[in-house]
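Trainee: I have a chain to look at and some questions about the model. Can we go through them one by one?

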Amino acid sequence: MQTVLIVIHLMIVIALVGVVLLQRSEGGALGMGGGGSGGGLMSARGAADALTRTTGILAAAFFATSIALGIFARYESRPTDILDRIEQTAPSGGQTVLDQLGGPTPSSDVPSADTAPASDGQIPTGQ
């Protein structure tokens with residue numbers, strides 16, 4: 001059932017993208033290219049109304065299938081949650097989460113005062 005719903009959802013998404021791309025831009029056209037009589041079913045205004053109505057219907061179907069897919073995912077036979085994957089016990093040895101990730105330790109990246117070059121008290125003048 002979930003696979004059928006995913007296929008229907010994808011078909012709705014493709015149709016929605018196509019209908020949105022077919023609509024004429026409101027700001028860039030400046031009302032040019034209309035022409036013809038003002039009435040009629042498939043005049044420029046009638047086509048725009050049909051595309052707007054189709055966009056609304058496809059958007060409602062998109063939301064309905066999205067909610068249905070979310071409900072199916074929640075009540076499947078083995079629901080998983082990302083919080084179930086986190087270890088619930090405290091880390092041993094005083095380590096934090098960043099220590100468990102690995103990588104170089106901060107003491108190996110920053111030179112300490114023991115390894116810094118010793119200065120003889122003179123200030124360089126740049127000459």
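**Confidence, fold and helix packing**

Mentor: The chain averages a pLDDT (the predictor's confidence in each residue, from 0 to 100) of 73, and 48% of the residues score at least 70. This is a predicted model: local features need pLDDT of at least 70, side-chain atom pairs count only at pLDDT 80 or more, and totals for chains, interfaces and linings use all residues. Residues are numbered from 1 along each chain as its sequence is written, and side-chain values use heavy atoms, leaving out hydrogens and water.

Trainee: In which helix is confidence lowest, and in which is it highest?

Mentor: Helices here are DSSP runs (H or I, at least four residues), numbered from the N terminus. Helix α2, residues 26-29, has the lowest confidence, at a mean of 53. Over residues 28-33 the pLDDT is below 50, and beyond near neighbours in sequence this stretch has 3 contacts (heavy atoms within 4.5 Å) in the model. Where pLDDT is low, the predicted coordinates should not be read in detail. The highest value, 93, belongs to α1.

Trainee: How many helices and strands does the chain have?

Mentor: Strands would be DSSP runs of E, at least two residues. Along the sequence the pattern reads α-α-α-α-α-α. The count is 6 helices and 0 strands.

Trainee: What percentage of the residues is buried?

Mentor: Buried means under 20% relative accessible area, exposed over 50%, partly exposed in between (1.4 Å probe, protein chains only). The chain has 127 residues. Its buried share is 9%.

Trainee: How far does helix α3 reach from its first C-alpha to its last?

Mentor: Helix α3 covers residues 44-74, which is 31 residues. The expected span is 1.5 Å times one less than the number of residues. That expectation is 45 Å, and the helix reaches close to it, at 45 Å.

Trainee: Which helix is included in what covers the buried residues of α3?

Mentor: The buried residues in α3 are G46, T55, L58, T65 and L69. Their cover includes residues 2-22, helix α1.

Trainee: Why does H9 count as buried, and which residues does it touch?

Mentor: H9 is in helix α1. H9 counts as buried because its relative accessibility is 13%. Leaving out residues up to four places away in sequence, H9 touches F62, T65, S66 and L69.

Trainee: What is the C-alpha distance between I57 and L16?

Mentor: I57 lies in helix α3. It is exposed, with a relative accessible area of 56%. I57 and L16 are 41 residues apart in sequence. In space, their C-alpha atoms are separated by 9.3 Å.

Trainee: And what separates the C-alpha atoms of L22 and A48?

Mentor: L22 is in helix α1. At 62% relative accessibility, L22 counts as exposed. L22 and A48 are 26 residues apart along the chain, and their C-alpha atoms are separated by 9.4 Å.

Trainee: Among contacts between residues at least 6 apart in sequence, what percentage joins residues at least 24 apart?

Mentor: This concerns contacts in the chain between residues at least 6 apart in sequence. The share joining residues at least 24 apart is 87%.
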